[in-house]
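Biologist: I'd like to go through some helix packing with you. Can you put the model up?

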Amino acid sequence: MRETLSLLNRHGIKLWFSTFLGGLVSICVLITFFAISIRMIAPSFFSRPVETLTALRTDALPQILTQVPPIWKTGLEILSALMLLLILFLLCGMMGSIREATLHDCFSVSHFFYYGMRYPVRILLMLLIHAILIGMTGWGVTQIAEVVPTGLGQIVVWIVGGLLLLGLAVATVHTPVISMVEKKGVFSAVGHSFRLLFLQGGTAILSLLYALILGTLGVTVLTMITVCPWFVLQFFGDQTIANIIGGGFGGLFFSLFHMIPTMIMISTLYTRYARLIRIKLFEDDTENEWLPEPTDSRPYGGGWSNRNRLGSRRPG
């Protein structure tokens, strides 16, 4: 926890700015694609936007959706896929920036865009693999629990199933970390995430627990600051002013700093991985040229040695 706060103290503002800048770029791309799609599919929208939006009543949406032309459905599917890629772009950019700050104690906005453009498809494949494994495990536990008679046997089944799902959740969280830090591919990172459970499962579980605790605290503080102006203005008796000023300030603050809890969680995972996990996980991997030698030259004891520091300056 101390390492996470130290990292954010040195690079927090720069990490926030890069994520905010990446979010602006993503929003611009999304709005541009949406405007082009609307222009191609429904050109009358820009000439009569009020009438078009008025026609989209909530009670009429089911009928409208059933009569949507195929080209509209294709456009919605492309828009959904683009939104997913943009979310992954932001997540990967943030993770890559935190990787560089954690391992190299340096940061550049270019790191955000480099990792954000390179890793989304890789991370998506990892998540899909783990999602399939979690789904199959959950289905298998449910089927076994239905066969086992009610009582102690069924309790044991649910406990074992819960432990398996917990292990899969820990592996899912650490797979992108391993992939980015160690320059591993999809299947190699997934395999090492399961190896992590056997070598340092307790440490990995604690990392996830600490990340969730700090993330929850971040969300709580962010929520309190967001609603505080609106709550205070309630005592002045003018509901309209409270809603406009308090709601406006709260919305602006939330839009600017909503990524901070996620940044705290990712920073916790990376700092604990760099300090406690990676040396033990790859101590027998002689083929990994990126594996650091033990040294105290970096803030978390996991920095590069002099032998390969020049080669490690290039982002991943």
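Biologist: How are H7 and H10 oriented to each other: roughly parallel or roughly perpendicular?

Modeller: Bear in mind that this is a predicted model. The axes of H7 (residues 152-182) and H10 (residues 260-281) cross at roughly 75 degrees. Angles of 65 to 115 degrees count as roughly perpendicular, so H7 and H10 are roughly perpendicular to each other. Their axes come within 11 Å.

Biologist: Which residues in H7 and H10 meet?

Modeller: From H7, Val173, His174, Pro176, Val177, Ile178, Met180, Val181 and Glu182. On the H10 side they meet Leu269, Tyr270, Tyr273, Ile277, Arg278 and Leu281. By type, the contact has 11 nonpolar residues, one polar and two charged.

Biologist: Staying in H7, is Val170 buried or exposed?

Modeller: Val170, which lies in H7, is buried, because its relative accessible area is 0% and the cut-off for buried is under 20%.

Biologist: What is Val170 in contact with, leaving aside neighbours within four places in sequence?

Modeller: Leu197, Ala204, Ile205 and Leu208. Leu208 is 38 residues from Val170 in sequence, with 6.8 Å between their C-alpha atoms.

Biologist: Different pair. At what angle do H6 and H8 pack?

Modeller: H6 (residues 120-147) and H8 (residues 186-233) pack at about 45 degrees, with axes 9 Å apart. That makes H6 oblique to H8. The crossing is right-handed.

Biologist: And which residues meet there, in H6 and H8?

Modeller: Arg122, Leu125, Met126, Ile129, His130 and Leu133 of H6 meet Val186, Phe187, Ala189, Val190, Ser193 and Phe194 of H8. That contact divides into nine nonpolar residues, two polar and one charged.

Note on methods. Residues are numbered from 1 along each chain as its sequence is written. This is a predicted model: local features need pLDDT of at least 70, side-chain atom pairs count only at pLDDT 80 or more; totals for chains, interfaces and linings use all residues. Side-chain values use heavy atoms; hydrogens and water are left out. Axes are lines fitted to C-alpha atoms, for helices over the stretch in contact, and angles run from 0 to 180 degrees between N-to-C directions. Helices (H or I, at least four residues) and strands (E, at least two) are DSSP runs, numbered from the N terminus. Angles under 35 degrees count as roughly parallel, over 145 as roughly antiparallel, 65 to 115 as roughly perpendicular and the rest as oblique. A crossing is left-handed if the near helix is turned anticlockwise from the far one by less than a right angle, and right-handed if clockwise. Contact means heavy atoms within 4.5 Å. Ala, Val, Leu, Ile, Met, Phe, Trp, Tyr, Cys and Pro count as nonpolar, Asp, Glu, Lys and Arg as charged, and the others, Gly among them, as polar. Buried means under 20% relative accessible area, exposed over 50%, partly exposed in between (1.4 Å probe, protein chains only).
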